[in-house]
Amino acid sequence: MKMLRGLLIPALALLLSGCDAVLISPAGDIARQQRDLIAISVVLMLIIIIPVIALTLLFAWKYRESNKAAHGEYDPDWNHSTVLELVIWSAPLIIIIALGAITWTSTHKLDPYRPIDQIDASRQVAAGTKPLVVEVVALDWKWLFFYPEQGIATVNEMAAPVDRPIEFHITASTVMNAFFVPSLAGMIYAMPGMETQLHAVMNKTGDFGGISANYSGAGFSDMTFRFHSVSDAEFDSWVAKARAQGGNLSREDYLKLEQPSEREPVHYYAKVAPGLYNAILNRCVESDRMCQNDMMALDRQGGQGIVGAYNVTTSAALRSRLGLTEAERRYVGALCLSRDGGTATSPAGRAL
(Lines give C-alpha, C1' and ligand atoms only; values in the text may rest on other atoms or scores of the structure.)
Protein backbone atom coordinates (compact mmCIF):
# COMPACT_ATOMS: atom_id res chain seq x y z
CA MET A 1 0.00 0.00 0.00
CA LYS A 2 2.82 2.42 0.88
CA MET A 3 4.50 1.71 -2.44
CA LEU A 4 1.27 2.49 -4.28
CA ARG A 5 0.97 5.78 -2.42
CA GLY A 6 4.53 6.64 -3.41
CA LEU A 7 3.71 6.02 -7.07
CA LEU A 8 0.52 8.10 -6.97
CA ILE A 9 2.19 11.52 -7.20
CA PRO A 10 4.59 10.61 -10.06
CA ALA A 11 1.70 9.00 -11.96
CA LEU A 12 -0.45 12.10 -11.49
CA ALA A 13 2.42 14.34 -12.64
CA LEU A 14 2.88 12.15 -15.72
CA LEU A 15 -0.80 12.43 -16.61
CA LEU A 16 -0.81 16.20 -16.18
CA SER A 17 2.33 16.56 -18.31
CA GLY A 18 0.16 15.91 -21.38
CA CYS A 19 -2.14 18.84 -20.61
CA ASP A 20 -1.93 21.88 -22.88
CA ALA A 21 -1.76 25.09 -20.86
CA VAL A 22 -2.71 27.26 -23.84
CA LEU A 23 -5.55 28.93 -21.93
CA ILE A 24 -3.10 30.00 -19.23
CA SER A 25 -0.50 31.37 -21.67
CA PRO A 26 -2.41 32.60 -24.75
CA ALA A 27 -0.80 34.30 -27.74
CA GLY A 28 -3.57 36.82 -28.47
CA ASP A 29 -4.61 39.92 -26.53
CA ILE A 30 -8.31 39.02 -26.38
CA ALA A 31 -7.49 35.56 -25.03
CA ARG A 32 -5.12 37.18 -22.52
CA GLN A 33 -7.85 39.49 -21.24
CA GLN A 34 -10.23 36.54 -20.96
CA ARG A 35 -7.60 34.61 -19.01
CA ASP A 36 -7.14 37.54 -16.64
CA LEU A 37 -10.90 37.75 -16.16
CA ILE A 38 -11.04 34.07 -15.21
CA ALA A 39 -8.12 34.47 -12.80
CA ILE A 40 -9.63 37.53 -11.10
CA SER A 41 -13.01 35.79 -10.74
CA VAL A 42 -11.40 32.68 -9.23
CA VAL A 43 -9.37 34.72 -6.73
CA LEU A 44 -12.43 36.72 -5.63
CA MET A 45 -14.44 33.54 -5.09
CA LEU A 46 -11.58 31.88 -3.21
CA ILE A 47 -11.71 34.75 -0.69
CA ILE A 48 -14.97 33.15 0.49
CA ILE A 49 -14.33 29.50 -0.32
CA ILE A 50 -10.97 29.11 1.47
CA PRO A 51 -12.13 30.55 4.87
CA VAL A 52 -15.34 28.48 4.71
CA ILE A 53 -13.43 25.25 4.07
CA ALA A 54 -10.86 26.10 6.75
CA LEU A 55 -13.53 26.91 9.35
CA THR A 56 -15.48 23.77 8.49
CA LEU A 57 -12.41 21.63 9.16
CA LEU A 58 -11.61 23.62 12.32
CA PHE A 59 -15.10 23.22 13.79
CA ALA A 60 -15.20 19.52 12.91
CA TRP A 61 -11.88 19.02 14.69
CA LYS A 62 -12.53 21.23 17.71
CA TYR A 63 -16.03 20.01 18.45
CA ARG A 64 -15.40 16.32 17.86
CA GLU A 65 -16.93 13.96 20.35
CA SER A 66 -13.61 12.98 21.91
CA ASN A 67 -12.68 16.60 22.72
CA LYS A 68 -14.18 16.81 26.21
CA ALA A 69 -12.73 20.29 26.80
CA ALA A 70 -15.04 21.78 24.14
CA HIS A 71 -18.18 20.34 25.68
CA GLY A 72 -18.27 23.10 28.26
CA GLU A 73 -18.70 25.73 25.54
CA TYR A 74 -22.17 24.47 24.62
CA ASP A 75 -24.73 27.31 24.90
CA PRO A 76 -28.27 26.15 24.06
CA ASP A 77 -29.76 29.63 24.55
CA TRP A 78 -27.53 31.43 22.02
CA ASN A 79 -29.51 32.72 19.02
CA HIS A 80 -28.00 35.91 17.60
CA SER A 81 -24.78 37.84 17.03
CA THR A 82 -24.86 41.15 15.16
CA VAL A 83 -21.13 41.09 14.50
CA LEU A 84 -21.30 37.54 13.13
CA GLU A 85 -24.28 38.40 10.91
CA LEU A 86 -22.43 41.41 9.47
CA VAL A 87 -19.36 39.33 8.71
CA ILE A 88 -21.38 36.48 7.16
CA TRP A 89 -23.45 38.74 4.86
CA SER A 90 -21.15 41.66 4.08
CA ALA A 91 -18.23 39.60 2.73
CA PRO A 92 -20.26 37.73 0.08
CA LEU A 93 -22.11 40.93 -0.80
CA ILE A 94 -18.84 42.77 -1.46
CA ILE A 95 -17.61 39.86 -3.61
CA ILE A 96 -20.84 39.82 -5.63
CA ILE A 97 -20.66 43.58 -6.22
CA ALA A 98 -17.04 43.28 -7.36
CA LEU A 99 -17.84 40.36 -9.69
CA GLY A 100 -20.85 42.23 -11.06
CA ALA A 101 -18.78 45.31 -11.86
CA ILE A 102 -16.04 43.25 -13.54
CA THR A 103 -18.59 41.25 -15.52
CA TRP A 104 -20.37 44.41 -16.69
CA THR A 105 -17.23 46.11 -17.98
CA SER A 106 -15.65 42.99 -19.49
CA THR A 107 -18.89 41.96 -21.23
CA HIS A 108 -18.84 45.21 -23.20
CA LYS A 109 -15.08 45.41 -23.69
CA LEU A 110 -14.74 41.78 -24.84
CA ASP A 111 -17.87 41.74 -26.99
CA PRO A 112 -16.83 39.64 -30.04
CA TYR A 113 -18.69 42.04 -32.35
CA ARG A 114 -16.75 45.04 -31.05
CA PRO A 115 -13.67 45.99 -33.11
CA ILE A 116 -10.55 45.82 -30.96
CA ASP A 117 -8.86 49.05 -29.92
CA GLN A 118 -5.53 47.68 -28.71
CA ILE A 119 -2.86 45.35 -30.05
CA ASP A 120 -1.79 44.39 -26.55
CA ALA A 121 -1.72 45.90 -23.07
CA SER A 122 0.80 48.58 -24.08
CA ARG A 123 -0.07 49.30 -27.73
CA GLN A 124 -3.20 50.79 -29.26
CA VAL A 125 -4.47 50.05 -32.76
CA ALA A 126 -3.17 52.78 -35.05
CA ALA A 127 -5.77 55.04 -36.65
CA GLY A 128 -6.75 53.87 -40.11
CA THR A 129 -5.54 50.30 -39.58
CA LYS A 130 -7.48 47.93 -41.82
CA PRO A 131 -8.27 44.56 -40.24
CA LEU A 132 -7.72 41.29 -42.07
CA VAL A 133 -11.15 39.97 -43.04
CA VAL A 134 -11.58 36.19 -42.85
CA GLU A 135 -14.89 34.52 -43.72
CA VAL A 136 -15.35 31.17 -41.99
CA VAL A 137 -17.73 28.36 -42.93
CA ALA A 138 -18.19 25.31 -40.67
CA LEU A 139 -18.77 22.28 -42.90
CA ASP A 140 -19.27 18.60 -42.06
CA TRP A 141 -16.56 17.99 -40.77
CA LYS A 142 -14.02 20.56 -41.88
CA TRP A 143 -13.40 24.31 -41.91
CA LEU A 144 -13.49 26.51 -45.00
CA PHE A 145 -11.78 29.92 -44.89
CA PHE A 146 -12.29 32.73 -47.41
CA TYR A 147 -9.87 35.65 -47.74
CA PRO A 148 -11.88 38.19 -49.77
CA GLU A 149 -9.07 40.76 -49.90
CA GLN A 150 -6.56 38.17 -51.15
CA GLY A 151 -9.08 36.30 -53.34
CA ILE A 152 -8.19 32.85 -52.00
CA ALA A 153 -9.80 30.13 -49.90
CA THR A 154 -8.38 27.30 -47.80
CA VAL A 155 -9.61 24.17 -46.06
CA ASN A 156 -8.49 23.31 -42.52
CA GLU A 157 -5.69 25.89 -42.51
CA MET A 158 -5.53 29.63 -42.03
CA ALA A 159 -2.89 32.26 -41.45
CA ALA A 160 -2.77 35.85 -40.23
CA PRO A 161 -0.04 38.44 -39.69
CA VAL A 162 1.05 39.00 -36.11
CA ASP A 163 -0.19 42.23 -34.46
CA ARG A 164 -2.78 42.84 -37.18
CA PRO A 165 -6.47 42.94 -36.15
CA ILE A 166 -8.56 40.10 -37.58
CA GLU A 167 -12.25 40.42 -38.39
CA PHE A 168 -13.97 37.04 -38.62
CA HIS A 169 -17.36 36.52 -40.28
CA ILE A 170 -18.61 33.07 -39.32
CA THR A 171 -21.46 30.86 -40.55
CA ALA A 172 -22.20 27.15 -41.07
CA SER A 173 -23.50 25.00 -43.89
CA THR A 174 -25.70 22.54 -41.99
CA VAL A 175 -25.77 22.12 -38.22
CA MET A 176 -24.76 24.50 -35.46
CA ASN A 177 -21.04 24.47 -34.68
CA ALA A 178 -18.49 26.51 -32.73
CA PHE A 179 -15.27 28.17 -33.91
CA PHE A 180 -12.53 28.16 -31.29
CA VAL A 181 -8.82 29.02 -31.38
CA PRO A 182 -7.87 28.92 -27.66
CA SER A 183 -4.70 30.97 -28.16
CA LEU A 184 -6.57 33.70 -30.03
CA ALA A 185 -9.92 34.36 -28.37
CA GLY A 186 -13.00 32.73 -26.92
CA MET A 187 -15.41 30.39 -28.63
CA ILE A 188 -18.01 31.78 -31.05
CA TYR A 189 -20.92 29.84 -32.52
CA ALA A 190 -21.41 29.15 -36.23
CA MET A 191 -25.02 28.70 -37.36
CA PRO A 192 -26.55 28.03 -40.80
CA GLY A 193 -28.38 30.98 -42.29
CA MET A 194 -26.85 33.33 -39.69
CA GLU A 195 -23.57 35.20 -39.34
CA THR A 196 -21.62 35.74 -36.15
CA GLN A 197 -18.53 37.91 -35.83
CA LEU A 198 -15.30 37.83 -33.89
CA HIS A 199 -12.58 40.49 -33.61
CA ALA A 200 -9.18 39.42 -32.31
CA VAL A 201 -5.42 39.76 -32.76
CA MET A 202 -2.36 37.52 -32.41
CA ASN A 203 0.69 38.92 -30.58
CA LYS A 204 3.07 36.00 -31.06
CA THR A 205 4.19 34.07 -34.11
CA GLY A 206 3.69 30.33 -34.09
CA ASP A 207 1.57 27.40 -35.15
CA PHE A 208 -1.63 27.10 -33.13
CA GLY A 209 -4.56 24.71 -33.07
CA GLY A 210 -8.18 25.46 -33.85
CA ILE A 211 -11.07 23.17 -33.00
CA SER A 212 -14.78 22.67 -33.25
CA ALA A 213 -16.16 23.24 -29.75
CA ASN A 214 -19.75 22.09 -30.35
CA TYR A 215 -20.64 18.47 -31.09
CA SER A 216 -21.82 18.18 -34.70
CA GLY A 217 -21.86 14.51 -35.57
CA ALA A 218 -19.63 11.56 -36.42
CA GLY A 219 -16.57 13.53 -37.60
CA PHE A 220 -16.60 16.08 -34.78
CA SER A 221 -13.45 14.78 -33.04
CA ASP A 222 -11.29 15.34 -36.13
CA MET A 223 -12.80 18.72 -37.08
CA THR A 224 -9.61 20.66 -36.39
CA PHE A 225 -7.45 23.15 -38.28
CA ARG A 226 -4.08 24.92 -38.01
CA PHE A 227 -3.75 28.64 -37.35
CA HIS A 228 -0.42 30.13 -38.49
CA SER A 229 0.49 33.43 -36.83
CA VAL A 230 3.27 34.82 -39.03
CA SER A 231 5.08 37.99 -40.01
CA ASP A 232 3.77 40.19 -42.83
CA ALA A 233 6.35 38.79 -45.26
CA GLU A 234 5.54 35.20 -44.29
CA PHE A 235 1.83 35.89 -44.71
CA ASP A 236 2.43 37.21 -48.23
CA SER A 237 4.41 34.04 -48.97
CA TRP A 238 1.59 31.90 -47.62
CA VAL A 239 -0.93 33.69 -49.85
CA ALA A 240 1.38 33.22 -52.85
CA LYS A 241 1.64 29.53 -52.01
CA ALA A 242 -2.16 29.21 -51.94
CA ARG A 243 -2.43 30.95 -55.30
CA ALA A 244 0.26 28.75 -56.84
CA GLN A 245 -1.02 25.42 -55.49
CA GLY A 246 -4.73 26.11 -55.40
CA GLY A 247 -7.48 25.29 -57.84
CA ASN A 248 -10.81 26.90 -58.59
CA LEU A 249 -13.65 26.92 -56.06
CA SER A 250 -16.81 27.30 -58.14
CA ARG A 251 -20.30 26.88 -56.77
CA GLU A 252 -20.39 23.34 -58.12
CA ASP A 253 -17.06 22.58 -56.45
CA TYR A 254 -18.36 23.96 -53.18
CA LEU A 255 -21.43 21.70 -53.29
CA LYS A 256 -19.09 18.72 -53.60
CA LEU A 257 -16.88 20.01 -50.78
CA GLU A 258 -19.97 20.55 -48.62
CA GLN A 259 -20.70 16.82 -48.54
CA PRO A 260 -19.75 15.20 -45.19
CA SER A 261 -16.16 13.97 -44.98
CA GLU A 262 -13.79 13.21 -42.13
CA ARG A 263 -10.10 14.09 -41.71
CA GLU A 264 -10.13 16.31 -44.78
CA PRO A 265 -6.55 17.21 -45.80
CA VAL A 266 -5.44 20.83 -46.17
CA HIS A 267 -5.97 22.26 -49.64
CA TYR A 268 -6.06 25.67 -51.25
CA TYR A 269 -8.16 27.54 -53.81
CA ALA A 270 -6.56 30.25 -55.92
CA LYS A 271 -9.87 31.46 -57.34
CA VAL A 272 -13.25 31.69 -55.67
CA ALA A 273 -16.63 32.14 -57.33
CA PRO A 274 -17.85 35.73 -56.82
CA GLY A 275 -20.27 36.08 -53.93
CA LEU A 276 -19.86 32.46 -52.79
CA TYR A 277 -19.68 33.24 -49.07
CA ASN A 278 -22.84 35.36 -49.22
CA ALA A 279 -24.56 32.58 -51.17
CA ILE A 280 -23.57 30.07 -48.45
CA LEU A 281 -24.78 32.46 -45.77
CA ASN A 282 -28.11 33.01 -47.53
CA ARG A 283 -28.61 29.33 -48.39
CA CYS A 284 -28.65 29.80 -52.17
CA VAL A 285 -25.49 28.26 -53.60
CA GLU A 286 -27.62 26.36 -56.13
CA SER A 287 -28.57 28.54 -59.09
CA ASP A 288 -32.31 27.85 -58.85
CA ARG A 289 -32.73 28.64 -55.17
CA MET A 290 -33.96 31.94 -53.82
CA CYS A 291 -31.53 33.60 -51.43
CA GLN A 292 -32.66 33.99 -47.85
CA ASN A 293 -32.03 37.74 -47.80
CA ASP A 294 -34.06 38.18 -51.00
CA MET A 295 -36.86 36.10 -49.53
CA MET A 296 -36.91 38.23 -46.37
CA ALA A 297 -36.94 41.41 -48.49
CA LEU A 298 -39.94 40.09 -50.43
CA ASP A 299 -41.69 39.09 -47.22
CA ARG A 300 -41.18 42.59 -45.89
CA GLN A 301 -42.91 43.95 -48.98
CA GLY A 302 -45.87 41.60 -48.60
CA GLY A 303 -44.65 38.24 -49.90
CA GLN A 304 -43.57 36.69 -53.16
CA GLY A 305 -47.02 35.62 -54.31
CA ILE A 306 -48.37 32.29 -55.47
CA VAL A 307 -46.04 31.92 -58.46
CA GLY A 308 -42.92 32.50 -56.40
CA ALA A 309 -44.05 30.11 -53.69
CA TYR A 310 -44.67 27.40 -56.29
CA ASN A 311 -41.20 27.91 -57.76
CA VAL A 312 -39.56 27.52 -54.35
CA THR A 313 -41.44 24.37 -53.32
CA THR A 314 -40.83 22.62 -56.65
CA SER A 315 -37.09 23.43 -56.83
CA ALA A 316 -35.01 20.55 -58.19
CA ALA A 317 -32.08 21.74 -56.08
CA LEU A 318 -34.21 21.53 -52.94
CA ARG A 319 -35.20 17.94 -53.75
CA SER A 320 -31.56 17.06 -54.38
CA ARG A 321 -30.51 18.63 -51.07
CA LEU A 322 -33.11 16.54 -49.25
CA GLY A 323 -31.94 13.39 -51.06
CA LEU A 324 -35.21 12.91 -52.97
CA THR A 325 -35.62 11.72 -56.53
CA GLU A 326 -38.35 12.85 -58.92
CA ALA A 327 -40.39 9.78 -57.95
CA GLU A 328 -39.97 10.51 -54.23
CA ARG A 329 -41.37 14.01 -53.98
CA ARG A 330 -42.73 13.39 -50.50
CA TYR A 331 -42.23 16.59 -48.61
CA VAL A 332 -44.52 19.38 -47.47
CA GLY A 333 -44.07 23.00 -48.43
CA ALA A 334 -45.71 24.94 -45.59
CA LEU A 335 -47.15 28.18 -46.94
CA CYS A 336 -49.26 30.93 -45.42
CA LEU A 337 -52.83 31.31 -46.58
CA SER A 338 -54.20 34.52 -47.99
CA ARG A 339 -55.90 36.95 -45.64
CA ASP A 340 -59.36 35.84 -46.77
CA GLY A 341 -58.55 32.22 -45.84
CA GLY A 342 -58.41 30.89 -49.39
CA THR A 343 -56.20 27.96 -50.34
CA ALA A 344 -52.90 28.75 -52.04
CA THR A 345 -52.71 27.16 -55.48
CA SER A 346 -50.01 26.72 -58.08
CA PRO A 347 -50.15 28.26 -61.57
CA ALA A 348 -51.46 24.89 -62.77
CA GLY A 349 -54.34 25.10 -60.35
CA ARG A 350 -53.09 22.42 -57.95
CA ALA A 351 -53.33 23.05 -54.21
CA LEU A 352 -49.91 23.51 -52.65
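Me: Which residues are linked in a network of salt bridges?

Reply: This is a predicted model, where local features need pLDDT of at least 70, side-chain atom pairs count only at pLDDT 80 or more, and totals for chains, interfaces and linings use all residues. Residues are numbered from 1 along each chain as its sequence is written, and side-chain values use heavy atoms, with hydrogens and water left out. A salt bridge is a side-chain nitrogen of Lys or Arg within 4 Å of a carboxyl oxygen of Asp or Glu. The network links D29, R32, R35 and D36.

Me: How many salt bridges does a search of the whole structure find?

Reply: One of them joins the side chains of R123 and D163. Another pairs D222 with R263. The search of the whole structure finds 10.

Me: How many residues apart are R123 and D163?

Reply: Their side chains meet in a salt bridge, N to O 3.2 Å. R123 sits in strand β2 (residues 123-124), and D163 in the loop between β6 (157-161) and β7 (166-172). Strands are DSSP runs of E, at least two residues; helices are runs of H or I, at least four; both are numbered from the N terminus. The pair links distant parts of the chain, with a separation of 40 residues.

Me: Is E286 buried or exposed?

Reply: E286 forms a salt bridge with R289, the closest N and O atoms being 3.8 Å apart. Buried means under 20% relative accessible area, exposed over 50%, partly exposed in between (1.4 Å probe, protein chains only). R289, at 22%, is partly exposed. E286 has a relative accessible area of 11%, so E286 is buried.

Me: How is α2 oriented relative to α3?

Reply: Axes are lines fitted to C-alpha atoms, for helices over the stretch in contact, and angles run from 0 to 180 degrees between N-to-C directions. The axes of α2 and α3 (residues 82-109) come within 10 Å and cross at roughly 170 degrees. Angles under 35 degrees count as roughly parallel, over 145 as roughly antiparallel, 65 to 115 as roughly perpendicular and the rest as oblique. The angle therefore makes α2 and α3 roughly antiparallel.

Me: What is the relative accessible area of L132?

Reply: L132 lies in strand β3 (residues 132-139). Residues that L132 touches include Y147, A160, I166 and F235, not counting those up to four places away in sequence; contact means heavy atoms within 4.5 Å. L132 counts as buried, because its relative accessible area is 0%.
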